[in-house]
Amino acid sequence: MQESAAARPLDILIVGAGFSGMYLLHRLRNLRFNVRIVEAAPEVGGTWWHNRYPGLRCDVESLEYQYSWSEELRREWRWSERFSSQPEILEYAKFVADKLDLRRDIQFGVRVERAVWSDETHRWSVSLSDGSSATARHVVFATGALATPRMPDIPGVENYEGRIIHTAQWPAQGVDFNGKSVGLIGTGSSGLQVAPQIAKQANKLNIFQRSPAYSIPARNRALTKEDYKTFFENIEEFDALAMTQKGGIVVANPTLGVQDVSPEERKRMLRERWEAGGAFTFLATFKDVQMNETSNQLVADFVRDRIRETVADPALAEKLCPKYLIATRRTCVDIGYYEMFNRDNVELIDVSEDRIAAFTEKGVRLASGREYALNAIVLATGYDAMTGALLAVDVVGRDGLTVKEAWENGPRNLLGLMISGFPNMFTVTGPGSPSVLANVIRAIEHHVDWLSNCFDYLRRESIACIEAEEQAQDAWVQHVNQLADRTLFPRTPSWYIGADIPGKPKVFMPFAGGLPAYREHADRVARNGYEGFRLTREKSVAQA
Ligand code: NAP
């Protein structure tokens with residue numbers, strides 16, 4: 001195999017040029033490491049490059065979904081709306097790449113296919129999709145938690161003669177639904193965002209719903225000069241508040257439980273947040289929504305009542321009411337989703353019992369034999385979340401152990417950062433870290449700062465090799481499980497648990513203890529000389 005033309009002996013190879021990889025590249029370059037990103041897409045942005053379906057917006061507010069580490073970036077960039085659209089977030093990623101001159105150290109359009117650890121050289125050999133290779137002391141997988149699209153387990157896709165589009169693989173030139181009869185499979189965050197956009201264009205939109213989801217209205221609006229003035233005047237308090245909040249969101253930590261107030265007061269408080277818009281703030285009205293089943297049901301009832309209030313047809317409204325415990329799956333944020341069902345060209349097809357049995361030449365057939373003719377089918381069926389991107393790479397660690405083998409019964413790692421048996425290899429926002437349960441930008445910033453400090457420490461101390469100790473890893477996995485078991489999360493099948501992928505081990509993957517507790521723990525580990533990690537000095541490596 002040819003060593004890539006661009007290849008130099010690397011200190012650190014980063015996989016992925018999303019918000020994690022970009023910030024990590026910047027930090028490590030400033031520390032004068034020899035570092036490079038390998039990115040499959042032709043541009044920066046990660047998930048915001050791959051996902052471009054109409055209606056896509058971030059469910060975290062713009063002023064919070066941006067890097068907070070750079071005062072300069074925050075002062076120079078202007079978001080136009082409260083909840084940013086995908087094109088604007090992608091523009092922001094490009095703006096950051098230009099401003100920090102990142103592209104010169106990013107190899108675009110190339111996928112990492114294999115990474116093999118050598119105990120002799122204490123290096124990773126990385127094979128790339130263009131036939132070239134690279135060697136690096138450390139590899140960081142900054143591949144994102146939601147990067148591998150999931151196709152539904154419905155047979156016969158090859159028979160369908162119309163057009164099939166997954167929301168995570170939307171064509172750059174867009175799709176014209178004018179005059180078409182469109183089928184939408186999937187009613188999670190992506191489905192709820194894309195549906196109203198398709199309904200505006202298509203002749204008919206058929207929504208195949210297996211499980212209804214909870215959604216909170218975005219109440220999106222333009223950001224004004226006044227908003228920015230307030231933001232900059234209070235930026236220190238803003239950051240301080242975000243750092244104390246479990247989800248890393250700028251809202252005061254709730255002090256009251258749902259049942260601490262009268263029913264009238266509860267409804268008033270929830271109504272206030274409902275009218276203000278946004279899921280994170282709505283769910284933070286009370287402190288026990290994710291912990292206490294009765295409290296959870298009371299909040300869920302409130303949302304179900306809002307659905308009944310919005311959808312004109314009572315029978316249809318009932319079908320749209322979710323039944324699982326609220327906030328045990330990612331709560332959606334929508335613009336006009338429930339209102340859309342009052343249009344004549346939208347039909348909801350309940351496939352919770354009468355499942356979609358097959359794709360046919362003309363559309364889909366349900367188990368009952370009922371057929372739907374469709375000119376196009378949109379799949380909003382989600383991702384192989386949290387583990388899919390790493391498992392797509394053939395990663396071979398010590399003694400030939402692969403990540404697939406190490407994670408056969410579910411992901412195991414230390415701090416969500418490192419897997420025992422895979423020295424000098426890290427993941428950003430992986431399973432075992434708060435990532436998807438928080439404002440992921442804040443989670444990324446902490447991981448990148450932690451990793452940068454770690455690499456700097458290893459170099460200063462002449463440490464050639466770092467590896468998660470198995471005992472420490474076991475303790476961390478146990479801690480992550482215990483935290484999840486204290487919540488209502490494990491009660492609902494969700495992608496947090498891998499429940500949506502046949503054969504995927506059913507393990508609650510994210511760290512449910514919140515960002516501040518995670519930060520405190522990870523920072524203490526670092527202060528204590530990377531407690532739980534085995535460090536091997538240059539000299540002993542040379543002797544080994
Ligand atoms: P998702 O939440 O995993 O939803 C997948 C949907 O597909 C579910 O409704 C699922 O039904 C349905 N489905 C799968 N197979 C099916 C089948 N055979 N028949 C019928 N329905 C089927 O995926 P997503 O909406 O792409 O969202 C994934 C995550 O990405 C979100 O939770 C969020 O974290 C992130 N995201 C964020 C934003 C944002 O920031 N606004 C936007 C999009 C996505 P079941 O529920 O019955 O399995």
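A backbone N or O atom of A380 sits 3.4 Å from an oxygen atom of the ligand. Taken alone, that ligand would expose 910 Å², and the protein buries 90% of it. Keep in mind that this is a predicted model.

- The side chain of S211 puts an N or O atom 2.4 Å from an oxygen atom of the ligand.
- R57 works through its backbone: an N or O atom there lies 2.7 Å from a nitrogen atom of the ligand.

**The shell around the ligand**
- There are 26 residues around the ligand, and the ones that come nearest are R57, S190, R210, S211 and R329.
- Sorted by class, the shell has 10 nonpolar, 9 polar and 7 charged residues.
- Helix α5, spanning residues 189-201, gives the most to this shell, with 3 residues.
- Domain 1 (5-148 + 385-537) and domain 2 (174-354) both supply shell residues, so the ligand lies between them.

**A look at N296**
- You'll find N296 in helix α10, which covers residues 293-310.
- Is N296 buried or exposed? N296 has 0% relative accessibility, so it counts as buried, the cut-off being under 20%.
- Leaving out residues up to four places away in sequence, N296 touches V289, L325, I326 and L488.
- I326 is 30 residues from N296 along the chain, yet their C-alpha atoms are separated by 6.4 Å.

Definitions and conventions:
Residues numbered from 1 in each chain as written. Predicted model: local features only at pLDDT ≥ 70, side-chain atom pairs only at ≥ 80, totals over all residues. Heavy atoms only, no water. Near = heavy atom within 4 Å. Polar contact = N/O pair within 3.5 Å; in protein donor to acceptor, adjacent residues only side chain to side chain. Areas by Shrake-Rupley, 256 points an atom, 1.4 Å probe, with all protein chains shown as cover. Helix = DSSP H or I, 4+ residues; strand = E, 2+ residues; numbered from the N terminus. Nonpolar A, V, L, I, M, F, W, Y, C, P; charged D, E, K, R; others polar. Domains from an automatic or database assignment. Buried < 20%, exposed > 50% of the residue type's maximum accessible area, 1.4 Å probe, protein only. Contact = heavy atoms within 4.5 Å.
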